[in-house]
Amino acid sequence: MLDIVTFGHPSLKIKSINVTSFDDELKNLTDMMLEIMYAAPGVGLAAPQIGINKNVFVFDVGDGPNIAVNPKSIKKKGKINFLEGCLSLPGYYWEISRPEYAKIECFDLQGNNIHYEGDDLLGRVLQHELDHLKGKVLLTSLDRKTRKQALKDISLNGFPGKDV
Ligand SMILES: [Zn+2]
């Protein structure tokens with residue numbers, strides 16, 4: 001099984017590419033991603049977080065496993081602060097402001113067009129995972145001062161939440 005890569009890894013910084021075949025390889029990838037996400041444990045995991053730059057993420061906010069292939073944002077609404085963490089920045093949490101509601105369009109494993117939408121945790125997870133596919137990590141959503149402090153903390157302490 002692949003490891004979750006942490007902040008600083010190149011695959012977290014680049015834009016991922018679309019999936020073109022809805023085949024066994026895709027099924028195996030998402031099975032593995034779900035396994036890694038549950039083991040972490042986390043509520044969402046994007047493929048770049050295991051070093052694979054494909055437009056795929058998985059999530060479970062309490063209603064079972066969900067898979068999003070080639071997702072794109074189609075609607076956002078409102079604004080809310082939320083304490084947000086990331087499996088690639090283990091041990092760190094920041095209060096981050098984002099739209100409260102998000103709706104995305106994507107494909108399932110069979111290539112059917114589906115969508116996910118929600119507010120609260122689901123809205124947050126959808127936006128967070130989409131960011132990963134664009135090569136954005138949580139730190140880019142922080143204001144300058146908080147980001148500076150975060151980078152300092154990471155260089156001094158590493159990731160205190162890793163392997164706990
Ligand atoms: Zn993350």
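1. Buried here means under 20% relative accessible area. By that cut-off Y92 is buried, and F159 is buried too. The model is predicted. Y92 and F159 also form an aromatic pair, with ring centres 6.2 Å apart and planes at 90°, an edge-to-face arrangement. Y92 sits in the loop between β4 and β5, and F159 in the segment after α3 (144-157), so this pair ties together parts that are 67 residues apart in sequence.

2. The zinc site. Three protein donors hold positions 2.0 to 2.2 Å from the zinc ion: C86 through SG, H128 through NE2 and H132 through NE2. Their spacing in sequence is C-x41-H-x3-H. The pair C86 and H132 links distant parts of the chain, 46 residues apart. C86 belongs to the loop between β4 (80-85) and β5 (93-98), whereas H132 belongs to helix α2 (residues 120-133). Both C86 and H132 are buried.

3. More on H132. The relative accessible area of H132 is 1%, so this residue counts as buried. Setting aside neighbours within four places in sequence, H132 contacts L12, I14, A46, P48, Q49, C86 and V137. C86, one of these contacts, is also a zinc donor.

4. The sheet. Five strands form an open sheet in the order β1-β2-β3-β6-β7, with antiparallel pairing. β1 (44-46) and β7 (113-118) are at the edges with a single partner strand each, so one side of each has no neighbour in the sheet. From one strand to the next, the twist averages 40°.

5. The β1, β2 and β3 pairings. β1 and β2 run antiparallel and are joined by 3 bridges. G44 is opposite F59 in β2. Strand β2 (residues 56-59) is joined to strand β3 (residues 66-77) by 4 bridges, again antiparallel. Across that pairing, F59 stands opposite N66 and V58 opposite I67. The β2 and β3 hairpin has 6 residues between its strands, and G62 there takes a positive phi near 120°.

6. The β6 and β7 pairing. These strands run antiparallel and share 6 bridges. I104 stands opposite Y116 in β7. The two strands form a hairpin with 5 residues between them. In its turn, G111 has a positive phi of about 90°.

7. Which side chains cover the two faces of β2? V56 and V58 lie on one side, F57 and F59 on the other, and all are buried. In a regular strand, side chains alternate between the two faces of the sheet.

8. Helices on the sheet. Helix α1 (residues 24-39) lies across β1, β2 and β3 and runs at about 40° to β2. Helix α2 packs on the sheet as well, touching β1, β2, β3, β6 (101-107) and β7. The direction of α2 makes about 155° with that of β2. Helix α2 also contains H132, a zinc donor.

9. Aromatic pairs. The count comes to 5 aromatic pairs. Why is the pair of F59 and Y116 edge-to-face? The ring centres of F59 and Y116 are 4.9 Å apart and the planes stand at 80°, so the pair is edge-to-face; planes over 60 degrees apart count as such. F59 is in strand β2 and Y116 in strand β7, so the contact ties together parts 57 residues apart in sequence. F59 and Y116 are both buried.

10. A charge over a ring. The charged end of K77 sits over the ring of Y101, 4.9 Å from its centre.

11. G123. This glycine lies in helix α2. Is G123 buried or exposed? With a relative accessible area of 0%, G123 is buried. Leaving out residues up to four places away in sequence, G123 touches E100, A102 and G118. K77 and G123 are 46 residues apart in sequence, and their C-alpha atoms are 9.8 Å apart in space.

Key:
Residues are numbered from 1 along each chain as its sequence is written. This is a predicted model: local features need pLDDT of at least 70, side-chain atom pairs count only at pLDDT 80 or more; totals for chains, interfaces and linings use all residues. Side-chain values use heavy atoms; hydrogens and water are left out. Donors are N, O and S atoms within 2.8 Å of the metal (3.2 Å for Na, K and Ca); water is not among the atoms, so sites may look incomplete. Buried means under 20% relative accessible area, exposed over 50%, partly exposed in between (1.4 Å probe, protein chains only). Two strands pair if DSSP finds at least two bridges between them. Axes are lines fitted to C-alpha atoms, for helices over the stretch in contact, and angles run from 0 to 180 degrees between N-to-C directions. Contact means heavy atoms within 4.5 Å. Rings of Phe, Tyr and Trp (its six-membered ring) pair if their centres lie within 6.5 Å; planes under 30 degrees apart count as stacked, over 60 as edge-to-face and the rest as tilted. A charge sits over a ring if NZ of Lys or CZ of Arg is within 6 Å of the ring centre and within 35 degrees of the ring normal.
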